[in-house]
Amino acid sequence: MNPARRKRLILIGLMVTGVGVAVAFALSAFNQNLMFFYSPTEVMAGKAPQGHPFRLGGLVSAGSVERLPNGLTTRFRVTDQAKSVNVEYTGILPDLFREGQGIVAHGRLRDDGVFVADEVLAKHDENYMPPEVAASLQEAHDEATDVTDKTPP
Amino acid sequence: MIPELGHFALILALCIAVVQATLPLIGSFNRTAGWVALARPAAWGQFLFLGIAFGALTHAFLVDDFSVLYVARHGNTRLPDIYKISAVWGAHEGSLLLWVFLLGGWTAVVSLLGRRLPDVMLARVLAVMGMISIGFLAFLLFTSNPFERLFPVPPEGGDLNPLLQDPGLAIHPPMLYMGYVGMSVAFAFAIAALVGGQLDAAWARWSRPWTLVAWVFLTIGITLGSWWAYYELGWGGWWFWDPVENASFMPWLAGTALVHSLAVTEKRGAFKRWTVLLALLAFSLCLLGTFLVRSGVLTSVHAFASDPARGLFILVFLCIVIGSSLLLYAWRAPGISRGGGFDLLSRESLLLGNNLLLVVTCAFVLLGTLAPLLYDAMGWGKISVGFPWFNTMFVTFMPLLVVLMGAGPLTRWKRHQPAALLRSLRLAFFTSLAAGAVTALPLLTGSVAAGIAVALSVWLLTTLLAGLRQRLQHRGLAALPSDLAGRGGRSWYGMWLAHLGVAVFIIGVTFVTQFDVEKDVRMSPGQSIELGGYRFRFDGAAAHDGPNYRAQRGTVTVFRGDRQIAQLHPEKRTYLVQTRPMTEAGIDAGLMRDIYVSLGEPLGGGDWALRLYYKPFVRWIWLGGILMAAGGLMAVSDPRYRMRVLARPGSRAAQQAPAAGSHA
């Protein structure tokens, strides 16, 4: 093998090994960092993981927002119009957080079934609905209409 | 009347773009000089009409012409004039108009400064830019016409999104778009060279300054965006790995790789195919960015209500651009000659490493950004990729890049003796190791991350200083001015400055993530809270009226020991038209630390929820960005890019004449 070709082979070998290690590492880290999205209906059906963080999205139920006496913890319900989940968040809520608004919350389920959020997102744009929330509302709505369709008159 | 003129101007611009995209290209093949010569006037004509259209929309905002739907939605009579202008690009239609307007501008500048290029080459470059322009103009006219009328005319407009009523955001989109659109020039040069089969050092030298300028604009745009998010969103973050941020960051990574690989192609004739591929990649990522932002397919804090038809249009356009350019590449690449060989240890190899790392990082960012789309399309569930993943990826690969970045400029092209390189790096290596170790001592910070950051930063600094010493070896610092004035000098000092920017950036990022202190608190008037060695006293909040908003304005006095160092006024604003609350943070900025206070909600009895931050070195992040951009600008200003790069037949005498003249 001539030296030029050997050099090139070494270089390519190094590159391939490096990229391979990087990709393997990245993909394994990737799987640990995926955050799945669940709608309140799915959470109530027990589909959401216990003890693992996930994202919950839906509308903030009207009249459900209450502030605990310490002043910084807020409790509210997130609904997809079919089911709703109790959420607790300590800290300052985003400006656009209000009743009836679509939100996405990051956090995990506590044993008592309350979703403890460490981050609540509401969007820049008032008219904007996070796509996941829009889809889950639609699903919940479809299921509800399916049920009514199937009930005999 | 004027909006209709704007609309007609857009249609005319589209017609001219069609001419610009076709005739000069055909002419360049069948050697019809007249058709080739059409390219430049077409570029100017297109720019003129785009200017008219842009001016018409701006005029409509300035005179509050609410009969135009777009103005009625995003304008308002009470908006200050500066924001009436920035409202032009405050939403979808107008920002696209800005896109094509800037594209027209770049095209005109290329045709102006490209007089030194061979006519055929220039014609092809302008033709490719014309094609891009056709795509965007058609998009604008068929799916998102900014001049659509509204009847009946509302008495008042819907107002600009209050978040966008801010000087930082008034200039952030134009800067970012200048970068995006600028990458189209690098793309056009690459395509033109592929078409002509002339991928040589001259091609690399032509596209280098354009790519650099685009890169500088991207850098400034991203830096501005990060700074804006920091002070305007009120949660003290400066980067969220949000899809839209990633959309601007991916072209930046590819562009950075391109800037470096162009250097190799120009100097050594190597990496040609790779460079071309990077140019295609960088611009494709710009288009992808536009698609992600405009289609609303991803959940993002930037996502605005949007129309799926538009997303589809851009997606199809994206596929056409990427598909056809890759086809062309596949067809032409085998004919591209191989460049000069190089040793395992040479500047080429180190730059290859740089490119590899940047592209791999870019690929991971792409993966993280598009994974939610992929999972959704495959029915695997709705996911988002956590912030920590991006951080892990970045923190894993960037240190390697920084190690190469220190060694690269000290390494010779083609081959460098390993022993000699080790000798010249020894001092820098031990200095940075020592600095890192000292920083990580429990007595100082006790943080390994901070130690590594300091080590990397000092490594860059010492190797840069070693490079400077080498460069000025024979003449000392006194030689600096003449070196700066000469050919090739500013390129080198530009590199120096940009790399220094990276060193500054590393310190900023690491220190602020390691040592920032954040606290959400409930405070009553008069109450004091200790945080990060500072004492914050809340002096209550009072009503305060702005031009188009009402606010609750808090007063927080900050003490260090007994000395008052700042009085901050965070606000909670409610804009009168869109009636949404907005947080305006109170910031005491400093080179070594920021103190940042934002108002949460009133809790009754004069109490407020407040968020207090102590953020050390946060300014260094943007200072790093500014240094990188300044370095890029300095490199662009190098006189070597203004030389006649390719002798035309018979121009030899002409070149020698001025040289002889200067002796006289």
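Gln81(A) sits in the loop between strand 4 (73-79) and strand 5 (84-90) of chain A. Helices and strands here are DSSP runs, with helices (H or I) of at least four residues and strands (E) of at least two, numbered from the N terminus. Gln81(A) is not a glycine, yet its phi is positive, about 75°. Most residues other than glycine have a negative phi, and most peptide bonds are trans. Is Gln81(A) buried or exposed? It is exposed, at a relative accessible area of 60%; buried means under 20%, exposed over 50%, and partly exposed in between, with a 1.4 Å probe and protein chains only.

Before going on, the ground rules. This is a predicted model, where local features need pLDDT of at least 70 and side-chain atom pairs count only at pLDDT 80 or more, while totals for chains, interfaces and linings use all residues. Residues are numbered from 1 along each chain as its sequence is written, chains are lettered from A and ligands numbered from 1 in the order in which they are written, and side-chain values use heavy atoms, with hydrogens and water left out.

Staying with chain A, its secondary structure comes to 3 helices and 7 strands, in the order α-β-α-β-β-β-β-β-β-α along the sequence. Chain A has 153 residues, and 42% of them count as buried. Contact means heavy atoms within 4.5 Å. Among contacts in chain A with a separation of 6 or more, 53% are between residues 24 or more positions apart.

Phe151(B) and Pro152(B) are joined by a cis peptide bond, with omega about 0°. Pro152(B) belongs to the loop between helix 7 (119-143) and helix 8 of chain B.

Next, the cores. A nonpolar core is a set of buried Ala, Val, Leu, Ile, Met, Phe, Trp, Tyr and Cys residues joined through side-chain atoms within 4.5 Å. The largest has 178 residues, and those touching the most other members are Leu10(B), Leu97(B), Trp99(B), Phe189(B), Trp203(B), Phe283(B) and Trp389(B). Helix 8 (residues 167-196) of chain B gives the most to this core, 18 residues. What does Trp99(B) contact, leaving aside neighbours within four places in sequence? Its partners include Phe136(B), Tyr177(B), Tyr180(B) and Phe283(B). A second, separate core has 21 residues, among them Val43(A), Leu93(A), Phe115(A) and Val120(A).

Further along chain B, Asp588(B) lies in strand 9 (residues 586-588). Asp588(B) is buried, with a relative accessible area of 17%. Leu568(B) is 20 residues from Asp588(B) in sequence and 7.1 Å away in space, C-alpha to C-alpha. Leaving aside neighbours within four places in sequence, the contacts of Asp588(B) include Leu568(B), Arg593(B) and Asp594(B).

Last, the lining of the largest cavity. Helix 14 (387-407), helix 16 (448-471) and helix 18 (489-515) of chain B each supply at least two of its residues. Among the lining residues are Met405(B), Leu460(B), Trp492(B) and His499(B). That's everything from me.

How values were computed: On a 1 Å grid over the protein atoms alone, a cavity is a set of points where a 1.4 Å probe fits but cannot get out, and a pocket is an open set with protein on both sides within 12 Å along at least five of seven lines; lining residues have an atom within 4 Å of a point.
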